[in-house]
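Here are a few notes to read with the model open beside you. Take them one at a time and find each residue as you go.

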Amino acid sequence: MTDDAASTRTVIAPPPGQPVELPVLPPGSSDRKVLLVGVDGLRWDRIAEAEAPVLTALMADGLYATGAHDPASPAQTVSGPGWSTMATGTSPQRHGVCDNSFDGRRYDECPDFMTLAKRAKPDVQSCAVIDWAPLVDMGTFGPDVDVRIRFDGDRYGFYAEDLRAIDVATRVLSETDPDITFVYIGCVDEAGHRTGPLSSAYMARITAADEMIGRLLDAVRARPTYRDEQWLVLVSTDHGHLDEGGHGGPTEAERAIFVIAIGPGVPAGARMTGVRTVDVAPTALDHLGVVPDPSWRLEGRSLLRGSTVTPSH
Ligand SMILES: [Zn+2]
């Protein structure tokens, strides 16, 4: 064992059945916390049709914003560009990722928002738990994230790996003190590819993802310091799906995205259209009190700034 901090920052989870060691994460710097849950390929119009009590409650208690990727984007409606846009707060024209090859990526110029938060506030502690491996391997969530825990849904199946990732993420939220946590869920997209978003299998996976999000929220609310903390919870997706399953093209169904935001300053029942994936990073940074440096050239806006949201009641 070396003491090289960099080598302990990225944990490659062992194969299923073997325990995952939780890396040491120094105490967080603030009582302001962000949890971002990314659900791959979740077409928002299907949520209302699914058994999804956790998502439904979040929508009722916070902001539910819908939108779509720019039809003129040079990027395919696939995960590489979608998550790159969310992580960096910049469009594919800037971060350079237009498909799942990740060729042309410019994460050095457009790093993820956890890395940006640490530049502004070096004591910020961040953690990403991910089972779509390229988001770690390609550096979408980069090496300056304090802890990256990488599972492998492509190899072992997303539903099973999601469950393992959620186990670890709940331990991270319970036993350590991250200021920013990103958790990826892949099982909904997997079902979308197999049987399409209109299928009962897809709806069952929405329910499964809903339960996973519920477990993360339970872990947050059970923190002994929870009453002294201010949590912003964000849920979003990278792209939609064709009715028959699959994505990559420019149709409305494939470009469909949403953002749920719940936390201090977000009116219950707020609704918004026209949200963009680039809005996620500025929203997270805003909650943390990080003022984006103009040199970062973030393209979105914080959803916490009231004029953009209207309560529906
Ligand atoms: Zn997909």
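**Notes on the model**

1. Start with a pair of helices: Phe113, Leu116 and Ala117 in α5 meet Ala281, Ala284 and Leu285 in α12. "Meet" here means contact, with C-beta atoms, placed from the backbone, within 7 Å. Sorted by class, this contact has six nonpolar, no polar and no charged residues. For that sorting, Ala, Val, Leu, Ile, Met, Phe, Trp, Tyr, Cys and Pro count as nonpolar, Asp, Glu, Lys and Arg as charged, and the others, Gly among them, as polar.

2. Two housekeeping points. Numbering starts from 1 along each chain as its sequence is written. This is a predicted model, and local features need pLDDT of at least 70, side-chain atom pairs count only at pLDDT 80 or more, while totals for chains, interfaces and linings use all residues.

3. Back to those helices: the axes of α5 (residues 113-120) and α12 (residues 280-287) come within 10 Å and cross at roughly 35 degrees. Axes are lines fitted to C-alpha atoms, for helices over the stretch in contact, with angles from 0 to 180 degrees between N-to-C directions. Helices (H or I, at least four residues) and strands (E, at least two) are DSSP runs, numbered from the N terminus.

4. Leaving out residues up to four places away in sequence, Ala284 touches Val34, Leu36, Phe113, Ile180, Leu232 and Leu234.

5. Now look at strand β8 (residues 256-262). Seven of its seven residues are buried, so β8 is largely enclosed by the rest of the structure. Buried means 20 or more other C-beta atoms within 10 Å of a residue's own, exposed means 12 or fewer, and partly exposed is in between, with C-beta atoms placed from the backbone. On one side sit Ala256, Phe258, Ile260 and Ile262, and on the other Ile257, Val259 and Ala261.

6. Who pairs with β8? Strand β3 (residues 63-68) does, antiparallel, over six bridges, and Gly67 has Ile257 as its bridge partner. Strand β7 (residues 230-236) also runs antiparallel to β8, joined by four bridges, with Val233 bridged to Ile262. Pairing requires at least two bridges found by DSSP.

7. Beyond residues up to four places away in sequence, Asp61 touches Ile262 and Ala268.

Technical notes
Two residues are in contact if their C-beta atoms, placed from the backbone, lie within 7 Å.
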